[in-house]
Amino acid sequence: MSEVGPALASGGRFLSVRGGEFAFAVLGLPLGVLGGVYAVAVLYVGALLSLTVLGLPFVLVALAGARGLGALHRRLVGRLLGERVAPPPALPRPHGMLARGRVGLTDPVAWRSLLYLLLRLPLGAFGFAVAVLLPLGCAWAIGFRLWIRLLEPGPRPVGWLDVASAPVGLAVLTVLPAALRALSGANRGLARLLLGPARSQERVRELESARATLLAENTDRLRRLERDLHDGTQAQLVALAITLSLADDVLDAVPETAPDLERLRSLVGRARGQTDDTIAGLRRLTRGIHPVALDGGLGEALPGLTATSPVPVTVRLDLRERPGEAIERAVYFCAAELLTNVAKHSGARTAELAATAARGRVRLTVRDDGRGGASLGAGTGLSGLAARLAAVDGALRVESPPGGPTVVTAELPSRL
């Protein structure tokens, strides 16, 4: 029974077609023809007018129209095919006619939309044929003998066409849903490729977002550092100064013949302890700016980091090359954050940290046998960590099914 259910579900998916996919295929031919004619007309007329004063204004207006048609098709893809394509950035509006004309002529969104309209024509024709023409042909083939009797009454010999038409029609009709879904997938891919923002534009957006996140985090870190210095280290230094002042008063008040040596030793010992605490606090504060352990590279820093983890951690290192300083710092803080998450949230008994650096790439993997269920944006600091890695062209991948294990992988370039 458990095997029949998936088989029936698979057969149902094979034979099913969403209403949006069918509507998109039916509309594909008229919209494809209109878009294709528009694109060909723009290119042809633009080439003819390129040597006249009307050439540039015509191309500017035509590219603006192509951008608008691209937005229309993007909405149709989202509404009918369920594929949300991120809108490209708005066209800049600089001052001056020449500057605006240059921006319009070099608008990559408009040119890519024009290419989409050209490629949409053959896909629209294929989709219309699969959604409308082929089903009509299959209906004719399945009822071929009936249609022939209606068109040619009277006895007639049974030929091979009478025998083969119905099975062929049924076979073609069976594969039409899969063909229509394949064409819908091709339309989704074409829309993602040409109607959304270019890869360079997406990269700019990612970097801007990462930069904003880093600026916010650095501001918070500086505020915490200021608060710690004011409320912690400064107060300790004040207490140290008071203690030393009291010690000085004792030395002044006690006669040389009968010094209070015990009280003096107590005050000096307290001052020494407070001094040690202050030095330790300063070391903790400065460790967040540049870990001293990184002076010897990741090969020395990562084992020292895992040694302080309350969860036993197995370390596996294969560092054939030393990354740049910024990359090392990013990997170090990434490992510290991931190990902290393991200790606080996973409930794991053991963990494993593996790091490799070879052929210009660095990979850090932290695995634990905890309860799982971790994900980006689940409140465990992984989203902020992903943003920090994105600032150095890195990426974070989380695999954490319920029940575990959790595997978090960070990949970065060795050099920026």
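Two strands count as paired here if DSSP finds at least two bridges between them. Strands themselves are DSSP runs (E, at least two residues), helices are runs of H or I with at least four residues, and both are numbered from the N terminus.

## The model

This is a predicted model, in which local features need pLDDT of at least 70 and side-chain atom pairs count only at pLDDT 80 or more, while totals for chains, interfaces and linings use all residues. Residues are numbered from 1 along each chain as its sequence is written, and side-chain values use heavy atoms, with hydrogens and water left out.

## The sheet

Five strands make an open sheet in the order β1-β2-β3-β5-β4, with mixed pairing. At the edges sit β1 (313–319) and β4 (395–399), each pairing on one side only. From one strand to the next, the twist averages 10°.

Take the β4 end: β4 and β5 (residues 406–413) run antiparallel and are joined by five bridges. Leu396 stands opposite Ala410 in β5.

## Helices across the sheet

Two helices lie across these strands. Helix α11 (residues 325–346) covers β1, β2 (351–358), β3 (361–368) and β5, and runs at about 10° to β3. Helix α12 (residues 382–390) lies across β4 and β5, at about 150° to β4. Angles go from 0 to 180 degrees between N-to-C directions, using axes fitted to C-alpha atoms, for helices over the stretch in contact.

## Two loops to look at

The loop between β4 and β5 holds Pro405, and the peptide bond from Gly404 to Pro405 is cis, with omega near -5°.

Over in the loop between β2 and β3 you'll find Arg359. Arg359 isn't a glycine, yet has a positive phi of about 55°. With 73% relative accessibility, Arg359 counts as exposed (over 50%; buried is under 20% and partly exposed in between, with a 1.4 Å probe and protein chains only).

## A helix pair: α3 and α4

Helix α3 (residues 55–80) packs against helix α4 (residues 97–105) at an angle of about 55°, with the axes 9 Å apart. That makes the pair oblique, the label for whatever is left once angles under 35 degrees (roughly parallel), over 145 (roughly antiparallel) and 65 to 115 (roughly perpendicular) are taken out. The crossing is left-handed, meaning the near helix is turned anticlockwise from the far one by less than a right angle.

On the α3 side, the contact (heavy atoms within 4.5 Å) is made by Leu56, Val59, Leu60 and Leu63, and on the α4 side by Gly101, Gly104 and Leu105. These contact residues split into five nonpolar, two polar and no charged. Ala, Val, Leu, Ile, Met, Phe, Trp, Tyr, Cys and Pro count as nonpolar, Asp, Glu, Lys and Arg as charged, and the others, Gly among them, as polar.
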